[in-house]
Amino acid sequence: MSVALAESMHDAGELVRRYAVQGPRYTSYPTALNFRDDFGVADYDAFLKEARRSPSPLSLYVHVPFCHSLCYYCACNKVITRDPDASRRYLDHLHKELEMLSDRLGPGRRVTQLHLGGGTPNYLDKAEMTELVHSLATHFNLDDGSEREFSIELDPRSVDEDYLALLKGLGFNRISMGIQDTDLRVQEAINRVQSTDMIARLMGAARRYNFRSVSMDLIYGLPRQTLETFSRTLDDVIALSPERIALYHYAHLPQRFKWQKSMDRHPMPNSEEKLSIFLLAEQRLSEAGYINIGMDHFVKPEDELAKFQQEGRLQRNFQGYSTCRSPDVIGMGVSAISSLGRCYAQNHKSLEEYYAAIDAGQLPVAKGLTLNAEDLLRRYVIMQLACNLRLSYVDLYDRF
């Protein structure tokens, strides 16, 4: 451990002990905890009609909830299944939702950002993934220019080189791989075993197929993690040289996510140890040439996110940091969240409720929120500080 790192840990130790409490992960302002049940389909319809007239680009998010196996740390909305018919039923309903949204938004707005998340989007086989992208292209004006940002989250355990080739052919130019940790004992504790050699082979294939960038997700605070084990994980990841690294903090909430109790038999780092791991990662990644753009993301200096931050144009949505200048994100699929100008709208979280709404010919909106003037002001201030690390009073007064 370097002297500088030791001093940073000492200086921050008292603050960590004082503020070591659990809180929601920041995704929006107001947060999803503030969404209201009295926001319904009629409210969302009104905002969709308003969005139809906007000349700005559009961003799409598609949630694919299925996973073959359970990762014990996961707090995402997912469905663990090996039912071969599960994805078929889901795609059939997703097509209907796409059609309903397309009817309301019209064909005019260009889609410059597309993101598939989950769950495990590559749970869909090649034919199903092709079908989904074809449906998106049928109902929306997908941009085919070089500036588009079409990304997908991948589980390295269930993707091969041929699948990467398909994704490239379908127009995806960014991939994100869930690594979490490369230490075998940590992987066993979280029920997600994947070899570094396998990840390296996929990374090599991604380079051959000329994906614009590869992002790797890491998590600190997992069971059996120590400063020494995570240092070796950093060695492995830095050697693979992804363009972006997302370093997330693990929130242990077994009272809410009962499967997390499976990890209670293992030692877990406390708040001070987690801080040490984060500071080590920050130092090591900085030495490797990465820039900490804020909160949980490290990128190479030539990455678009770094350039947009330098220009004061970086933004953040429910999928993380983004260069997309669209004010509107349309979420599709179970539990997906839309951000549409002055509102947030979230789909039903359970598959059965999602299916029932679509079978009834309705958009599957469960709750949401209409933002008032103060919400919009606070959201803008938070966005500027979190993304661009500064706030211009001139811009603030011009806008508000």
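Helices (H or I, at least four residues) and strands (E, at least two) are DSSP runs, numbered from the N terminus. This is a predicted model, in which local features need pLDDT of at least 70 and side-chain atom pairs count only at pLDDT 80 or more, while totals for chains, interfaces and linings use all residues. Residues are numbered from 1 along each chain as its sequence is written, and side-chain values use heavy atoms, with hydrogens and water left out.

**The whole protein**

Along the principal axes, the C-alpha atoms fill a box of roughly 60 × 55 × 45 Å.

**The second largest pocket**

Next, select Gln315, Arg379, Tyr380, Met383 and Arg399, which lie nearest the centre of the second largest pocket among its 32 lining residues. A pocket here is an open set of points on a 1 Å grid over the protein atoms alone, where a 1.4 Å probe fits, with protein on both sides within 12 Å along at least five of seven lines; lining residues have an atom within 4 Å of a point. Then colour strand E12 (315–317), helix H12 (373–388) and helix H13 (393–399), the elements that give two or more residues to this lining. The largest share, eight residues, comes from H12.

**Serine 176**

Move to strand E7 (residues 174–180) and select serine 176. Serine 176 is buried (under 20% relative accessible area, with a 1.4 Å probe and protein chains only), at 13%. Leaving aside residues up to four places away in sequence, serine 176 touches Ile152, Glu153, Leu154, Ser215 and Asp217; contact means heavy atoms within 4.5 Å.

Most residues other than glycine have a negative phi, and most peptide bonds are trans. Select tyrosine 29 and proline 30, which are joined by a cis peptide bond with omega of about -10°. Proline 30 lies in the loop between helix H1 (3–19) and helix H2 (41–52). A further stop is the cis peptide bond from glycine 118 to glycine 119, where omega is near 20°.

Finish at asparagine 210, which has a positive phi of about 60° and lies in the loop between helix H7 (196–208) and strand E8 (213–220). Asparagine 210 counts as exposed (over 50%), at 57% relative accessibility.
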